[in-house]
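Good morning, colleagues. Please look at the model on the screen while I go through a few of its local features.

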Amino acid sequence: MATATKKKKAAGSAKKAPARTSKRAAAYTPPKKFPISFRVNGSEVRAEAPAHTSLLYLLRDLGFTEVKNGCEAGDCGACTVLLDGVAVNACCVLGVQAEGREITTVKGIGTVENLHPIQKKFIELGAIQCGFCTPGMIVAAYELLEKKPRPSREEIKAGIAGNLCRCTGYVKIIDAIEAAAGEMASSKGRKS
Amino acid sequence: MRGFDFAAPTTIQGALKAAKGKKYRFIAGGTNFLPDLRHMHDGLPQLVIDLSRVDALRGVSLAKGEVRMGALTTMTDFLENKIILREAPILAAMSAKFAGPIIRNRATVAGNLIDGGPAADSVPPLLALKAVVRLAGPGGKRAVPLDEFFTGYRRTVVKPGEIITEVAFPAPGKGHKWGYYKLARRNAMAITVVGAAAVLKLKGGACREAGISLGSVNPAPIRCYEAEKILEGKAVGLALAQKAAEACRAASAPIDDIRASAEYRKLMCEVLPRRLICQALGIPLDQG
């Protein structure tokens, strides 16, 4: 008798097996989302994202596609933005870390109607070819000129060392940053 | 990705409490964590604790003859902080070769240490400066000399639940001599092939105290005690510098990898310390 019951039990559990699989599938819960509120180029932004979302993905998903996705490993600088005024690789910052912070992308530095001298010189001197590195390069150049208003060519090279460009060979980019520094210095001179 | 929970405490106590009983990971700049995250399908933490809002971990000060750097001191701070520039310019020289300016803005000294990598660039200069790492954890505070901090390849003495609060070193004083060299395949964004640092304190014509260290040639960066002993208490010339450099070479145990062969690294473990010691002390180098 005992063996019979055992057999019954075994048969019962075999029938239940597919049900258990579906139970496991139902147990999946998507990653918890976190509310993130921060400022991008002066505008208040409210978003929601899982904690593992990088600032790069967060910004791009919100429509700030001027922030480019290059290597996602901090090597290429294409995603460079200012975080509270400091240049960072957006791919190396968690979106949730931006809570309450101020982000500036290349569009916050100057707009198409009102170009920043760095942007103007990049266009004038042909420092843009495919354009993919340009947003990050301009943000990096902006921080460099904030710290060193009149850098030497060597200092410019060191200042954009974290930004890769596969088209220009860098010469025209360095020319443009040098020219922008000159223009910014002379316009400052005029103002004072 | 399964995702993880996130906390951003503002105090050290809050950070320690958050880590309790969790499979956690502390982050600050994120320059190690986010690139790693893409390959972290298994070892994903349950909880990521962002320490970058803990103000008590910030700031550089000089107290009791000791330079104290909060855990969140960045590589950019190494290049710009007045106390560091005045007391230990070797750290600025190292930082100028550390990755690129954008990474330096986020990468912290504690992150570079806790990552435990053999090529962590801030370690050789800090070893040569005889730095100490201060930790806080559930069991209280403790201090560990940096040369006892690493226990192997990417292994440290840090216990579960502990955080680095401060990295400090005795100010080497006015007139100390130093040298740093990062041998790498590019000028920026490069992983070090061999890193070497020397800090020499002089008295009269003699070397009173020496700190010599190598990176990227052992499972973790090392201090070359034998080389230090050879120099200490002596008026150093080329012959003694050579002897110390040979001791550095003997202390190294490099491996072959995609960046360089073990054989080449072994040679450089002699060339670089000799060059640094000679340049620091103004000894003319006949060769090398």
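**Helix packing and backbone features**

In chain B, helix 10 (residues 238-251) packs with helix 11 (residues 262-281) at an angle of about 145°, their axes 8 Å apart. Helices here are DSSP runs of H or I with at least four residues, and strands are runs of E with at least two, numbered from the N terminus. Axes are lines fitted to C-alpha atoms, for helices over the stretch in contact, and angles run from 0 to 180 degrees between N-to-C directions.

This is a predicted model, in which local features need pLDDT of at least 70, side-chain atom pairs count only at pLDDT 80 or more, and totals for chains, interfaces and linings use all residues. Residues are numbered from 1 along each chain as its sequence is written, while chains are lettered from A and ligands numbered from 1 in the order in which they are written.

I turn now to the backbone. Asp84(A), although not a glycine, has a positive phi of about 50°. Asp84(A) sits in the loop between strand 3 (80-83) and strand 4 (86-89) of chain A. Ala99(B), also not a glycine, has a positive phi of about 45°, and belongs to the loop between helix 5 (89-95) and helix 6 (101-106) of chain B.

Are these two residues, Asp84(A) and Ala99(B), buried or exposed? A residue is buried with 20 or more other C-beta atoms, placed from the backbone, within 10 Å of its own, exposed with 12 or fewer, and partly exposed in between. Asp84(A) is exposed, with 12 such atoms within 10 Å, whereas Ala99(B) is buried, with 23.
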